[in-house]
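Please read these notes with the structure open beside you. They take a few helices and strands in turn.

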Amino acid sequence: MKAWQVAELGEPRDVLRFTEVDDPVAGPGQVLVRVLAAPANFPDVLLCRGQYQIKPSLPFTPGVELCGEVLAVGAGVDRFAVGDRIVGTANLPGGGFAELAVLDADSAFPAPASLDDAEASALVIGYQTSWFALHRRTRLRAGETLLVHAAAGGVGSTAVQLGKAAGARVIGVVGGQAKADYCRELGADLVIDRHTEDFVPLVKEFTDGRGADVVYDPVGGDAYTKSTKCIAFEGRILVIGFAGGTIPQPALNHALIKNYSIIGLHWGLYKQYNQQAIHDCHAELTELAAAGLVKPLISERLSFADVPAGLGRLGDGDTVGRVVFHP
């Protein structure tokens, strides 16, 4: 089969090579799929750079999530059959930027009928991350105010939609006019362009001085530091990631004085400690998708030839919404 491979670490544009590799085989508890769609995710950029917490041996194929058609099932698999359309996370070093991929059956789910291949492929990592963040870690309540950083990005956009579905008022912080327009399309009640506006006074004004009840931060750096200046009494700051490149050093005395919580989320740990919660999450996301309350907004549907350039633009921060590649 054909696959994009990383033989040396670096920027996606420089290190990805389209090459022939052996067809993968489904082992016990696994399924083999024909890849129908695979979205670009920031972890794919970090994998190419060698900066992700998982470091597969070289060479490897990135592409951490996908939608595919089942071609074969391994021993012990009874949840899926040949011909099923599924979504899930691929088994590195054999990721989704290939014609074929193998998934653990426990990490795969039925693709919602209400979503096309590209939309379904983007339902797993981002939406599950935000679902666990908002519903298990912070217990977001209807009527609360949710502040989302990088609200036009891969995970931020999912937080906007899930926040609205939960009945929250959502403030989205983005960088640039195109991302601001996209965030409004997602349903945000207030959109702030960080390139031209300071979000701290605007959040305070929007909330009549109270501040945000929940802050969703996949950026770190200044986004985190300034969020502590507009967090509400009994507010919760969600640490999702550090796409900005700087890991904050929280002032715990400030959290004590202002009475707010700092909450971390590592979605991948649920696979290890609570697999059933992941399946319950997917079932709820499927219902929300069927009701039209969540729908991945695909900004670009590209061919596999565009994988290096697409990942490169994602790493540069130049993409809006979800970018999905089709073999």
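The points below concern a predicted model.

1. Two packed helices are described by the angle between their axes and the distance between the axes. For helix α2 (residues 42-49) and helix α12 (residues 307-316), the axes come within 9 Å and cross at roughly 100 degrees. Angles of 65 to 115 degrees count as roughly perpendicular, so α2 is roughly perpendicular to α12.

2. Which residues make this contact? On the α2 side they are Phe42, Asp44, Val45, Cys48 and Arg49, and on the α12 side Leu311, Leu314 and Gly315. By type, the contact of α2 with α12 has 5 nonpolar, 1 polar and 2 charged residues.

3. Helix α11 (residues 275-290) has 16 residues. From its first C-alpha to its last, α11 reaches 23 Å, close to the 22 Å expected at 1.5 Å a residue. Just after α11 comes Gly292, with a positive phi of about 80 degrees.

4. The buried residues in α11 are Ala277, Ile278, His279, Cys281, His282, Leu285, Leu288 and Ala289. An α-helix has 3.6 residues a turn, so residues three or four places apart point the same way. What covers the buried residues of α11? The cover includes the strands β5 (85-89) and β7 (108-110), together with the helices α4 (125-137), α5 (156-165) and α10 (269-273).

5. Strand β9 (residues 169-174) is largely enclosed by the rest of the structure, because 5 of its 6 residues are buried. Strand β8 (residues 145-149) runs parallel to β9, and 5 bridges join the two. Opposite Val173 in β9 stands His149.

Note on methods: Residues are numbered from 1 along each chain as its sequence is written. This is a predicted model: local features need pLDDT of at least 70, side-chain atom pairs count only at pLDDT 80 or more; totals for chains, interfaces and linings use all residues. Side-chain values use heavy atoms; hydrogens and water are left out. Axes are lines fitted to C-alpha atoms, for helices over the stretch in contact, and angles run from 0 to 180 degrees between N-to-C directions. Helices (H or I, at least four residues) and strands (E, at least two) are DSSP runs, numbered from the N terminus. Angles under 35 degrees count as roughly parallel, over 145 as roughly antiparallel, 65 to 115 as roughly perpendicular and the rest as oblique. Contact means heavy atoms within 4.5 Å. Ala, Val, Leu, Ile, Met, Phe, Trp, Tyr, Cys and Pro count as nonpolar, Asp, Glu, Lys and Arg as charged, and the others, Gly among them, as polar. The expected span of a helix is 1.5 Å times one less than its number of residues. Buried means under 20% relative accessible area, exposed over 50%, partly exposed in between (1.4 Å probe, protein chains only). Two strands pair if DSSP finds at least two bridges between them.
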